[in-house]
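Hi there,

Here is the structure I promised to pass on. Have a look at it first, and then read on for what turned up.

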Amino acid sequence: MNASLDIVAVGMVTAVGLDAPSSCAAMRAGIDGFGETRFTIPGGDWLIGAPVPLPRAWVGEKRMAHLAGGAICEVFDAMPQARGRTALMLCVPEDGRPGRPVRDYALLLRRIAEIVEVEAHSRSRVIAHGRPSGIVALDHARRLLAADEAEYVMLVGIDSYLTPHTIAHYLNQRRLLTNDNPNGFIAGEAAAAVLCAKPGRGNLELYGIGLARENAFIYNPQDLPLRGEGMISAYRAALNEAGAQMHQVGYRIADLIGEHYWFKQSTLAVSRVTRVVREFMDIWSPTESVGNVGAAVVPLMLGMAYTAAQKNYAGGNSVLIEASSDAGACGAAIFRGRR
C-alpha cells in the first residue's frame with residue numbers, strides 16, 4: 001500500500017488543556033493533570049487520576065460526546081472548508097473492556113453530529129481496537145482518500161478509564177498506580193481529533209504503517225515470555241513501507257502508560273530493528289501528562305507530532321508513533337515533516 005496522507009489540522013481536549021495549543025504546550029513543559037478523583041482505593045485514600053476539567057459535570061455517553069465535540073469543533077474552526085466533506089473514523093475502546101464509557105456508538109455518533117452541527121458522512125465508521133485504534137484508522141483513512149471516497153478524513157479518539165466499573169476492574173487486577181503498587185498506570189480520559197487530506201496539503205506526511213499482534217500480551221494465559229515480536233513486526237512493516245532504517249528516524253512518540261511491560265516491549269522493538277547505533281533518540285509520551293487515555297492516545301500523539309513540526313521543535317524531521325493494546329494488537333506509523 002503506497003497511498004499516503006497529510007495531517008492538516010488537530011484538536012484536543014485533555015486533562016492539561018481544552019484545546020491543542022494549550023495541551024501540547026503543557027505536555028512539552030512536563031505539566032501533568034494528575035489529581036485526586038472521586039474514587040477510593042483500599043485503605044480509604046482517593047485514587048489519583050487525570051480527569052478533564054469540563055465546565056459541567058457530564059457523565060457517561062454525554063460526557064464522551066462533549067469531549068469529542070470539543071476536539072472536532074477545534075479542527076473545523078481551523079479548517080471550515082472541511083465541514084460536511086469529512087468522513088469520521090471514531091477510535092474507541094476495544095470490545096469487552098470492563099466499564100467502557102459508551103456502548104451504543106451509533107448513538108454517540110449522532111450526539112456528536114448534533115454538537116458539531118454536521119451531518120454524519122456516509123463513509124464514517126467506528127474502530128474499536130483500544131489504544132492502537134488510531135493506527136488502524138490511518139490505514140482506512142489513506143485508502144478512502146486514495147479512492148476519492150472522501151475529501152477529508154478525521155480520526156477522532158475518545159476514551160475514559162474514569163468510570164466505576166473500569167476503576168474497580170483495574171484495581172482488582174493491580175493495574176492502577178497506587179501507594180502500594182508502583183507498577184501501574186494512572187487512569188485518564190481525553191479526546192483528540194486529527195484531520196487528514198491527500199498529500200501536499202499539510203506539513204506532516206504519512207510514509208509507512210505497520211500492524212501486528214503480540215502473542216505474549218500482558219494478559220496471555222500461557223504466561224509466555226515477552227520478546228516484543230509483535231511490536232518488532234509492526235516497526236519493520238512501517239520502516240519497509242517508508243523505505244527507511246531505524247537510525248534514520250528522528251524521534252519516537254509512544255503510549256507508555258506506566259507499567260514495566262510497555263517499556264520493555266518498546267525497548268525490545270528498538271534494539272531488534274536498529275542496525276546502525278545512534279547516540280540518542282528522543283522518546284515522548286503523552287501519558288506522562290494525561291495518564292492512560294486509551295483509544296484517544298494515537299490521535300493525541302499525532303497531534304503532538306503535528307504541532308511540534310508546525311512550531312519547529314520536533315525531535316527530528318521524521319517520527320515513529322507506536323501503540324499497543326492489552327490484547328496484543330501492535331501498531332506503528334512513520335511520518336515525515338515537510339520543510
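**Pockets and rings**

Helix H9 (residues 297-310) gives the largest share of the lining of the second largest pocket, namely three residues. Please keep in mind that this is a predicted model. That second largest pocket holds about 220 Å³ of space. It is lined by 15 residues, and Ala309, Asn312, Ala314, Gly316 and Asn317 are the closest to its centre. By type, the lining of the second largest pocket divides into eight nonpolar, five polar and two charged residues.

Now to the largest pocket, where the space comes to about 380 Å³. Its lining is made up of 21 residues, and those nearest the centre are Arg38, Val59, Arg63, Leu162 and Glu189. Two or more lining residues come from each of strand E2 (35-40), helix H2 (60-78) and helix H5 (164-172). Of the elements, E2 gives the largest share of this lining, with four residues. Nine residues of the lining of the largest pocket are nonpolar, six are polar and six are charged.

Next, the aromatic side chains. There are six aromatic pairs in the structure. One of them joins Tyr161 and Tyr170: the ring centres are 5.7 Å apart and the planes stand at 50 degrees, so this pair is tilted. Tyr161 has a relative accessibility of 2%, so Tyr161 counts as buried. Tyr170 also counts as buried, because its relative accessibility is 2%.

Another pair is Tyr251 with Trp284, whose ring centres lie 4.6 Å apart with the planes at 45 degrees, so that pair is tilted too. This pair links distant parts of the chain, with Tyr251 in strand E9 (residues 251-254) and Trp284 in strand E10 (residues 283-284), 33 residues apart. Tyr251 and Trp284 are both buried.

If you colour the aromatic residues, look for the cluster in which ring pairs link Tyr161, Tyr170 and Phe185. Elsewhere, the ring of Tyr313 has the charged end of Arg28 over it, at 3.8 Å from the ring centre.

Best wishes

Key
Residues are numbered from 1 along each chain as its sequence is written. This is a predicted model: local features need pLDDT of at least 70, side-chain atom pairs count only at pLDDT 80 or more; totals for chains, interfaces and linings use all residues. Side-chain values use heavy atoms; hydrogens and water are left out. On a 1 Å grid over the protein atoms alone, a cavity is a set of points where a 1.4 Å probe fits but cannot get out, and a pocket is an open set with protein on both sides within 12 Å along at least five of seven lines; lining residues have an atom within 4 Å of a point. Grid points are joined across faces, edges and corners, and a volume is the space filled by probe spheres set on the points. Ala, Val, Leu, Ile, Met, Phe, Trp, Tyr, Cys and Pro count as nonpolar, Asp, Glu, Lys and Arg as charged, and the others, Gly among them, as polar. Rings of Phe, Tyr and Trp (its six-membered ring) pair if their centres lie within 6.5 Å; planes under 30 degrees apart count as stacked, over 60 as edge-to-face and the rest as tilted. Buried means under 20% relative accessible area, exposed over 50%, partly exposed in between (1.4 Å probe, protein chains only). A charge sits over a ring if NZ of Lys or CZ of Arg is within 6 Å of the ring centre and within 35 degrees of the ring normal.
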